[in-house]
Amino acid sequence: MNTISTGLVTSFGRPGDPTYTAATRAFNLTARVQPAAATIVHTVPEVVEAVTQARRAGMPVRVISSGHGATAQPPPDGAILLRTEMVGGVRVNAAARTATVPAGATWSDVVTAAAAHGLVAAHGSSGTVGVVGYLLRGGISFYGRRLGLAVNSLRSVTLVLADGSVTVASADHDPDLFWALRGGGGGFGIVTGVEIDLHPMSAIITGATIWDATEADVIVPLWARWTHDAPAEVSTSLRLMNLLPMPGVPEPL
């Protein structure tokens, strides 16, 4: 890409390069992820270097993890894309009921680590979803009715700012930034890790009931009334679905 200065780190891949292909893959195949250049970062110094080099080149920086939310933000056209796959793994402090999670980890990583201690995180319904994007973009867990939004469990966020400095935002340190991160829509820095609360949970029961769409005018108001007085331990949702006749979809649906 001739638009990228020669001072840019050599690990950045251009369209057609294996690095570029690996860094731009997304779970949602309808997403247009076609930045000017892309790379995968594994450590905080790598993120700092990438942000510094991008700033020198006068190019914006965008971030991707698992790519589940790739269609929820503008395409990264003309930007440098960083795919966060930070090393270190999920670390659980069972006594404090917290977990330290590197950016790029998925909820299956957290659930596996926490379950060994009889604890759960405010995870969603898919184990392949990235933790950071889910937390900062309004994730709602199976325990949402009892615990609130998943971001309520956020203790602190470690991130690299636009000037290349590294900071940890929490309720006690840089509370304004912490407030913005917890629902502000992003763009405040490159998150490299988070600390979250874990919760004791001895048993979980899940299930679904399916009705024909012709019953919707009866079912929807009944369900809505029931939710007003349902126990706090019960999280519930209702979906109206129009499924195509394709492999994997049961005939009754």
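Tutor: Let us begin with Tyr134, which is buried, with a relative accessible area of 13%. Buried means under 20% relative accessible area, exposed means over 50%, and partly exposed lies in between (1.4 Å probe, protein chains only). The model is predicted, so local features need pLDDT of at least 70 and side-chain atom pairs count only at pLDDT 80 or more, while totals for chains, interfaces and linings use all residues. Residues are numbered from 1 along each chain as its sequence is written, and side-chain values use heavy atoms, with hydrogens and water left out.

A search of the whole structure finds 1 aromatic pair. Its members are Trp107 and Tyr134, whose ring centres are 5.2 Å apart and whose planes stand at 80°, so the pair is edge-to-face. Because Trp107 lies in helix 3 and Tyr134 in helix 4, the pair ties together parts that are 27 residues apart in sequence. Rings of Phe, Tyr and Trp (its six-membered ring) pair if their centres lie within 6.5 Å; planes under 30 degrees apart count as stacked, over 60 as edge-to-face and the rest as tilted. Helices (H or I, at least four residues) and strands (E, at least two) are DSSP runs, numbered from the N terminus.

Trp107, the partner of Tyr134 in the pair, is buried too, with a relative accessible area of 2%. Within helix 3, which spans residues 107–115, the buried residues are Trp107, Val110 and Ala114. Seen down the helix axis, these buried residues fall within an arc of 60°, so they line one face of helix 3; the arc is that of the directions from the axis to the C-beta atoms. The buried residues of helix 3 pack against helix 4 (131–136), and also against strand 4 (91–93), strand 5 (98–102), strand 6 (119–120) and strand 9 (190–197). Contact here means heavy atoms within 4.5 Å.

A pocket, on a 1 Å grid over the protein atoms alone, is an open set of points where a 1.4 Å probe fits, with protein on both sides within 12 Å along at least five of seven lines; lining residues have an atom within 4 Å of a point. This pocket has 39 lining residues, and those nearest its centre are Val63, Ile64, Gln73, Arg137 and Gly189.

Thr84 lies in strand 3 (residues 80–84) and is buried, with a relative accessible area of 4%.

Finally, the setting of this part may be stated. The chain has 7 helices and 10 strands, and 36% of its 253 residues count as buried. Residues 24 or more positions apart account for 58% of the contacts in the chain with a separation of 6 or more. Along the principal axes, the C-alpha atoms fill a box of roughly 65 × 50 × 30 Å.
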